[in-house]
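User: I would like to go through this model and ask what stands behind the labels used for it. Please set each value against its cut-off.

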Amino acid sequence: MQVSKLIENRARADIVSCSPGNTLRDAVRILAEKRIGAMPVMDGDQVVGIVSERDVLYCLAAEGEGSLAKSVREVMTAPVQTVECTTSCDEALALMTAGRFRHLPVVEHGVMRGFLSIGDLVKSRLDEVSHEAEALRDYIRLA
């Protein structure tokens with residue numbers, strides 16, 4: 001299955017994001033209000049980075065509370081790895097596992113179309129395995 005299938009019913013307008021000029025304090029507030037672990041950093045339609053709980057934690061540990069006044073641009077993870085809409089879910093999951101990150105922008109012609117978490121991909125894979133197991137049970141019953 002392609003990642004486009006996972007994002008097909010999601011509106012781009014529903015993607016929670018921030019801009020590189022936002023302060024880290026703004027980003028923390030958004031992450032907490034939306035109860036999310038990461039969000040894309042957008043410059044227009046272009047994803048220029050990701051700011052995550054880990055980015056916040058590492059910055060606070062290194063520099064203390066004053067780091068909340070920094071711009072997201074200074075703290076975000078960049079450059080960001082992306083996948084195309086045509087990328088398979090298994091390829092995306094392998095990329096995230098190898099890179100040890102949990103969020104992945106989906107782009108088409110350089111424009112972000114969706115934002116996936118590792119949970120989205122694991123759920124998709126579990127659903128796939130469950131359907132395969134059910135098909136095998138049906139086959140055995142009918143044989």
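This is a predicted model: local features need pLDDT of at least 70, side-chain atom pairs count only at pLDDT 80 or more; totals for chains, interfaces and linings use all residues.

User: Why is Arg100 called exposed?

Analyst: The cut-off for exposed is over 50% relative accessible area. Arg100 has 69% relative accessibility, so Arg100 counts as exposed. Its backbone is also worth a look: Arg100 has a positive phi of about 55° although it is not a glycine.

User: Where is His109 found, and what makes His109 count as exposed?

Analyst: His109 is in the loop between S4 and S5. Its relative accessibility is 75%, and therefore His109 counts as exposed, the cut-off being over 50%. His109, which is not a glycine, has a positive phi of about 55°.

User: Why does Arg73 count as exposed?

Analyst: Arg73 belongs to helix H4. Exposed requires over 50%, and Arg73 has 51% relative accessibility, so Arg73 counts as exposed.

User: Which residues is Arg73 in contact with, leaving aside its neighbours within four places in sequence?

Analyst: Those are Pro20 and Gly21. Contact here requires heavy atoms within 4.5 Å. As for distance, the C-alpha atoms of Arg73 and Leu136 are 50 Å apart in space, and the two residues are 63 residues apart in sequence.

User: Is Ser67 buried or exposed, and why?

Analyst: Ser67 has 2% relative accessibility and therefore counts as buried; the cut-off for buried is under 20%. Ser67 lies in the loop between helix H3 (53-63) and helix H4 (72-75).

User: What does Ser67 touch, not counting residues up to four places away in sequence?

Analyst: Ser67 touches Leu24, Cys59 and Leu60.

User: How do you know that the side chain of Ser67 has a polar atom within 3.5 Å of the backbone oxygen of Gly64?

Analyst: The distance from the backbone oxygen of Gly64 to a polar atom of the side chain of Ser67 is 2.7 Å. The limit for a polar contact is 3.5 Å, so that distance falls within the limit.

User: What is the peptide bond from Ala78 to Pro79 called, and what is its omega?

Analyst: The peptide bond from Ala78 to Pro79 is cis, and its omega is near -5°. Pro79 is placed in the loop between H4 and strand S3 (83-84).

User: What is the volume of the largest pocket, and which residues are closest to its centre?

Analyst: The largest pocket has a volume of about 300 Å³. It is lined by 16 residues, and Ile50, Ser52, Thr77, Phe101 and Arg102 are the closest to its centre. Strand S2 (46-52) and H3 each supply at least two residues of the lining, and H3 gives the most, with three residues.

User: How do the residues of that lining divide by class?

Analyst: The lining of the largest pocket has six nonpolar, six polar and four charged residues.

User: What about the second largest pocket: how much space lies in it, and which element gives the largest share of its lining?

Analyst: The second largest pocket holds about 260 Å³ of space. Strand S5 (residues 111-117) provides the largest share of its lining, four residues. The lining has 13 residues, and Arg10, Asp14, Ile15, Val16 and Phe115 lie nearest the centre. By class, seven are nonpolar, four polar and two charged.

User: What makes a space a cavity and not a pocket, and how many cavities of 30 Å³ or more are there?

Analyst: In a cavity a 1.4 Å probe fits but cannot get out, whereas a pocket is open. The count is one cavity of 30 Å³ or more, and the largest cavity has a volume of about 30 Å³. The residues that line it are Cys89, Asp90, Leu93, Leu121, Ser124, Arg125 and Glu128. H5 and H6 are the elements that give two or more residues to this lining, and H6 gives the most, with four residues. Three of the lining residues are nonpolar, one is polar and three are charged.

Key. Residues are numbered from 1 along each chain as its sequence is written. Side-chain values use heavy atoms; hydrogens and water are left out. Buried means under 20% relative accessible area, exposed over 50%, partly exposed in between (1.4 Å probe, protein chains only). A polar contact is a pair of N or O atoms within 3.5 Å; within protein, one must be able to donate a hydrogen and the other to accept it, and residues adjacent in sequence count only if both atoms are side-chain atoms. On a 1 Å grid over the protein atoms alone, a cavity is a set of points where a 1.4 Å probe fits but cannot get out, and a pocket is an open set with protein on both sides within 12 Å along at least five of seven lines; lining residues have an atom within 4 Å of a point. Grid points are joined across faces, edges and corners, and a volume is the space filled by probe spheres set on the points. Ala, Val, Leu, Ile, Met, Phe, Trp, Tyr, Cys and Pro count as nonpolar, Asp, Glu, Lys and Arg as charged, and the others, Gly among them, as polar.
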